[in-house]
Amino acid sequence: MHACEQPNYEHYVARRHVRCSDYALASYAQSQTVPSGGLDVPARNLPVPTTVNPQIQKLIGAPLRTNWNVLPATGAEWKPVAEAGAAGTIKALPGLLERMGFKVEKTTIDGVRAFGS
């Protein structure tokens with residue numbers, strides 16, 4: 001047997017201690033109940049960072065969207081949420097494309113709708 005492979009009493013005691021600690025922690029965790037609604041944290045004001053440019057500050061400081069904390073469970077429930085979020089972008093897109101000098105053309109590639117310039 002190589003010297004590194006010989007049993008070491010201190011190593012054995014340390015491993016045994018870790019195993020007992022792991023068992024105690026697991027037993028404690030199993031005995032605790034998890035709140036179904038999550039953890040309540042008091043509301044507070046989060047300042048807009050000054051380390052970003054003014055345009056990003058406006059985005060960060062903007063009010064939250066309506067029902068920001070509602071998480072739809074199905075695709076059908078997500079559809080109106082996604083459409084409402086896209087509405088502002090769709091409205092601003094023509095002006096943005098014009099300012100940037102882009103022209104977008106609809107096309108189909110292997111049966112998939114695509115957009116190119």
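A polar contact is a pair of N or O atoms within 3.5 Å; within protein, one must be able to donate a hydrogen and the other to accept it, and residues adjacent in sequence count only if both atoms are side-chain atoms. The model is predicted: local features need pLDDT of at least 70, side-chain atom pairs count only at pLDDT 80 or more, and totals for chains, interfaces and linings use all residues. Residues are numbered from 1 along each chain as its sequence is written, and side-chain values use heavy atoms, without hydrogens and water.

**View 1. The N-terminal cap of helix α2.** Asn-53 caps this end of α2. One of its side-chain oxygens lies 3.1 Å from the backbone nitrogen of Gln-55. Helix α2 covers residues 54-61. Helices (H or I, at least four residues) and strands (E, at least two) are DSSP runs, numbered from the N terminus.

**View 2. The hairpin of β1 and β2.** Strands β1 (residues 105-109) and β2 (residues 112-116) run antiparallel, joined by 5 bridges. Two strands pair if DSSP finds at least two bridges between them. Thr-107 stands opposite Ala-114 in β2. The hairpin has 2 residues between its strands. In the turn, Asp-110 has a positive phi of about 50 degrees.

**View 3. The protein chain.** The chain has 3 helices and 2 strands. From the N terminus on, the elements run α-α-α-β-β. Of its 117 residues, 2% count as buried.

Conventions:
Buried means under 20% relative accessible area, exposed over 50%, partly exposed in between (1.4 Å probe, protein chains only).
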